[in-house]
Amino acid sequence: MADTAPPTTPTATLPAATPSPSTVRTWREALRLYVQPASLRMLALGFSAGLPLLLVLGTLSFRLREAGIDRSTIGYLSWVGLAYGVKWMWAPLVDRMPLPWLTRQLGRRRSWLLLSQMVIAVGLVGMALNDPSQLLGPLVACALAVAVASATQDIALDAYRIESAEVNAQAVLAASYQTGYRLAMIWAGAGVLWIAAWAQGDQASGYAQTAWQTAYLVMAASMLPGMLMVLGSPEPVTVPLKPARNLTEWLQGALVDPFADFWQRYRWQALWLLALIAVYRISDVVMGIMANPFYVDMGFTKTEVAGVTKVYGVVMTLVGAFVGGVLSARWGVMRILMLGAVLSAGTNLLFVWLSGVGHNVSALIWVISADNLASGIASAAFIAYLSSLTNISYSATQYALLSSMMLLLPKFVAGFSGEFVDAYGYASFFTATAWMGLPVLLLVAWAARVHARQTGADASAG
């Protein structure tokens with residue numbers, strides 16, 4: 001099976017990503033990267049990527065809890081998010097397989113982006129029309145379809161980002177991507193709750209299927225701007241793919257070579273790198289599954305949760321992403337990676353305090369401020385770190401492998417979070433998630449030493 005080259009003229013606004021030693025920029029140079037066309041484009045495309053996530057995880061858990069679904073079931077249903085953790089399984093197809101007609105018109109990256117966005121929109125319509133209080137299965141099936149399509153969109157978009165800029169600009173592109181992503185999360189988090197509350201009327205408490213149906217239909221329509229952005233964006237400069245002479249040769253290039261390249265470059269260190277990636281966000285991800293049920297059980301209303309956690313909290317994440325991007329460009333990714341690991345685990349302990357305080361909006365604001373600021377810093381540094389590990393020749397597949405590893409273990413462990421809360425309570429649960437961050441600190445310290453040696457070797461070779 002031969003690969004089809006897109007007829008569109010590839011363009012790039014920043015130098016193509018190639019491995020190079022880390023450099024230290026001035027503050028002005030670091031900040032200037034945010035107004036480059038590639039950065040602004042990632043801001044817009046990040047919105048399209050961020051919209052589906054909460055609708056199949058966080059916001060959905062709020063909806064299910066309000067519909068009377070028990071915490072253990074909600075915890076297990078979070079395994080829908082495992083689609084993001086196994087996306088490496090079909091990443092080689094997204095990386096190399098052309099889509100009929102679409103690839104000829106849009107190019108390798110944009111064709112997969114548009115297809116996945118269309119599936120997301122249809123899946124959200126299905127989630128809108130199904131009532132979980134009556135029959136849970138159809139809604140879960142639609143949520144799974146949205147998650148798979150969203151993961152596919154992430155594969156193509158991550159490759160698009162990596163191929164649009166040099167390595168040293170990836171932290172800024174990651175921050176721009178995170179900004180668009182978090183703005184979408186405001187809309188998919190606070191927006192959907194506000195719309196549901198408005199549709200429900202004055203008595204905006206308790207479960208009302210018609211209200212949630214309206215909210216999810218609006219979310220489905222919100223995928224349209226992302227589709228338009230894909231149509232209006234240029235295809236990045238990509239590494240030309242050597243035409244395969246037969247199916248065996250195509251499978252070798254698509255399935256075997258990307259993984260073999262990673263192991264050949266890092267050898268035994270690949271195991272430790274994958275271990276770091278697998279646990280870096282475990283504190284945040286496991287805690288996050290029970291966050292919305294926690295808010296419901298603490299007596300917070302839709303409006304309070306929307307205003308504090310889904311708007312103000314996301315703004316704090318944006319601030320954190322911006323700070324993380326600038327600090328990474330100024331002082332290097334590894335230092336900020338360690339800072340993010342410390343903050344991510346430590347801020348979970350604030351939820352222990354909040355569980356004792358109870359329904360107190362001011363306390364919620366302080367906790368969300370610290371937690372989301374830490375999350376933004378950690379995310380910007382971590383995305384940049386993952387990008388630095390990829391080979392531009394296999395950007396989609398290798399980044400999908402790495403980002404999948406980031407979610408696979410945390411999502412699996414999070415599936416048992418409901419049972420843990422039922423057995424031991426919220427305070428013990430949040431404490432346990434903080435302790436999960438301890439191995440991360442050790443692995444980051446090791447990775448920093450490896451990174452320093454490799455950077456020194458690259459500088460000497462240059």
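Of the 27 residues of H9, 19 are buried, so this helix is largely enclosed by the rest of the structure. Here buried means under 20% relative accessible area, exposed means over 50%, and partly exposed lies in between (1.4 Å probe, protein chains only). The model is a predicted one, in which local features need pLDDT of at least 70 and side-chain atom pairs count only at pLDDT 80 or more, while totals for chains, interfaces and linings use all residues. Residues are numbered from 1 along each chain as its sequence is written, and side-chain values use heavy atoms, with hydrogens and water left out.

Helix H9 covers residues 136–162. At 1.5 Å a residue, its 27 residues should span 39 Å, and the C-alpha atoms at its ends are 39 Å apart, which agrees. The expected span is 1.5 Å times one less than the number of residues in the helix.

The protein as a whole has 24 helices and zero strands. Of its 462 residues, 57% are buried. Contacts, defined by heavy atoms within 4.5 Å, can also be sorted by separation along the chain. Among those between residues at least 6 apart in sequence, 85% join residues at least 24 apart. Helix H14 (residues 269–279) is another mostly covered element, with eight of its 11 residues buried. The buried residues of H14 are Gln269, Ala270, Leu273, Leu274, Leu276, Ile277, Ala278 and Val279.

A pair of helices shows how such elements meet. The axes of helix H18 (residues 333–347) and helix H20 (residues 361–388) come within 8 Å and cross at roughly 145°. These axes are lines fitted to C-alpha atoms, for helices over the stretch in contact, and the angles run from 0 to 180 degrees between N-to-C directions. The crossing of H18 with H20 is left-handed, a term for a near helix turned anticlockwise from the far one by less than a right angle, whereas clockwise is right-handed. On the H18 side, the contact is made by Val333, Met334, Ile336, Leu337, Leu339, Gly340, Leu343, Ser344 and Thr347. H20 contributes Ala370, Asp371, Ala374, Ile377, Ala378, Ala381, Phe382, Ala384 and Tyr385. The residues of this contact divide into 14 nonpolar, three polar and one charged. In this division Ala, Val, Leu, Ile, Met, Phe, Trp, Tyr, Cys and Pro count as nonpolar, Asp, Glu, Lys and Arg as charged, and the others, Gly among them, as polar.

Two further residues extend the picture around H20. Ser369 is found in helix H20 and is buried, with a relative accessible area of 9%. Its C-alpha atom is separated by 9.7 Å from that of Thr347, 22 residues apart along the chain. Ser369 touches Tyr312 and Met316, not counting residues up to four places away in sequence. Leu327 lies in helix H17 (residues 302–331) and counts as buried at 16% relative accessibility. The C-alpha atoms of Leu327 and Ala381 are separated by 8.8 Å, although these residues are 54 apart along the chain.

Charged side chains form another set of links. A search of the whole structure finds four salt bridges, each a side-chain nitrogen of Lys or Arg within 4 Å of a carboxyl oxygen of Asp or Glu. One of them joins Asp297 to Arg71, with the closest N and O atoms 2.7 Å apart. Asp297 lies in helix H16 (residues 291–297) and Arg71 in helix H4 (residues 71–77), so this pair ties together parts that are 226 residues apart in sequence. Arg71 also meets Asp422 in a salt bridge (2.8 Å, N to O). Asp422 lies in helix H22 (residues 417–424), so its pairing with Arg71 in H4 ties together parts that are 351 residues apart in sequence.

Arg71 itself is buried, with a relative accessible area of 19%. Asp297, by contrast, is partly exposed at 29%, and Asp422 is partly exposed at 42%. Not counting residues up to four places away in sequence, Arg71 touches Arg65, Met290, Asp297, Gly418, Val421, Asp422 and Tyr426. Arg65, Arg71, Asp297 and Asp422 are linked in a network of salt bridges. Another salt bridge joins the side chains of Asp284 and Arg281 (2.6 Å, N to O), and both Asp284 and Arg281 are buried.

Conventions. Helix = DSSP H or I, 4+ residues; strand = E, 2+ residues; numbered from the N terminus.
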